Amino acid sequence: MSRLLRKPEHEQLSNGVVVVHDHTKEATPLEYVGFKVIDLSPGGTHEEELGKVECCIVALTGRIDVTDGTETFENIGARDSVFEQRPTDSVYVSNDRSFKVEAVTKARVALCYSPSDNQLPTKLIKAADNDVEHRGKDNNKRRVHNILPDYDDSANSLLVVEVFTESGNWSSYPPHKHDEDNLPEESFLEESYYHEMNPPQGFVFQRVYTDDRSLDETMTVENGHVVLVPKGYHPVGVPDGYTSYYLNVMAGPKRKWKFHNDPDHEWIVERD
Ligand SMILES: O=C(O)C[C@@H](O)[C@H](O)C(=O)CO
């Protein structure tokens, strides 16, 4: 299996808390992006001391309470399935703080991390504050929920976005990359993809490749899989009959999303 494709693990962490993904350790090819998914039963709690990382807590599904010890946000979360295709609530917590998540209902929570040493205020990012975009045309149509975009200064490094791609469509397409720290032309941002499909037996294809093809992996991605993108182009193709959801976390040395399309496929955006 590709070292970029990570399957769900379902490791019981404590009573009422199951770790579905943990890509925060040395075995990850990413330096700037850390990512976890946890499942909580009602009443289940998960606490962390952050140290020198910032965290965006995304209530993927279900309702949760989140506290940083000073501020508490109760009963946040806005959907029972990501495929309700409406934005959800998230909480940003800065480095050198702690947080506790407690499930009000059965919940799936994404924890998105990046190194940080400049403390910022804890912030509730309400579902209603997500900037919703409809991108693309022809067979490249997708719906985007911007949770932490680069034009919002609430975080030091983290960029977080949800993308829904319609059946038979492509996203992150035409293929683009952001792996050179060369602003204003391009930024260096690593990226993680947490994928779900509707109906859940679906699959999508994701290719991660560089110009010289020293990295060139095409992965069959199933419901709940994570794809890690240390560099390169990273398009996603969705077969007919299935809707794709993914949550992207991006981070790098500068908090700017400036991508560069693969010149071989640039003509696709230039069509009428
Ligand atoms: O298809 C989209 O518009 C979403 C992607 O841009 C995705 O967020 C990404 O690849 C970011 O680099």
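The dialogue below takes up several features of this structure in turn.

Mentor: This is a predicted model, in which local features need pLDDT of at least 70, side-chain atom pairs count only at pLDDT 80 or more, and totals for chains, interfaces and linings use all residues. Residues are numbered from 1 along each chain as its sequence is written.

Trainee: How many bridges join strand β7 to strand β8?

Mentor: Helices (H or I, at least four residues) and strands (E, at least two) are DSSP runs, numbered from the N terminus. Two strands pair if DSSP finds at least two bridges between them. Here, 3 bridges join β7 (residues 64–67) to β8 (residues 72–76), and the two strands run antiparallel. T67 stands opposite T72 in β8. The hairpin of β7 and β8 has 4 residues between the strands, and G69 takes a positive phi near 95 degrees there.

Trainee: Which residues are around the ligand?

Mentor: A residue is near a molecule if its C-beta atom, placed from the backbone, lies within 6 Å of it. The residues around the ligand are R135, R142, V144, V161, V163, S171, S172, H178, E191, H234, N248 and F259. Strands β14 (142–148) and β15 (159–165) each supply at least two residues of this shell. The shell divides into 4 nonpolar, 5 polar and 3 charged residues, where Ala, Val, Leu, Ile, Met, Phe, Trp, Tyr, Cys and Pro count as nonpolar, Asp, Glu, Lys and Arg as charged, and the others, Gly among them, as polar.

Trainee: Is Y173 buried or exposed?

Mentor: A residue is buried if 20 or more other C-beta atoms, placed from the backbone, lie within 10 Å of its own, exposed if 12 or fewer, and partly exposed in between. Y173 is buried because 22 other C-beta atoms lie within 10 Å. Y173 lies in the loop between β16 (170–171) and β17 (176–177), and the peptide bond from Y173 to P174 is cis, with omega near 0 degrees.

Trainee: Where else is a cis peptide bond found?

Mentor: One joins L183 and P184, with omega about 10 degrees. P184 lies in the loop between β18 (179–182) and β19 (186–188).

Trainee: What is the phi of D96, and what is that of R213?

Mentor: D96 has a positive phi of about 60 degrees although it is not a glycine; R213, also not a glycine, has a positive phi of about 65 degrees. D96 is partly exposed, because 15 other C-beta atoms lie within 10 Å. R213 counts as exposed, because it has 8 C-beta neighbours inside 10 Å.
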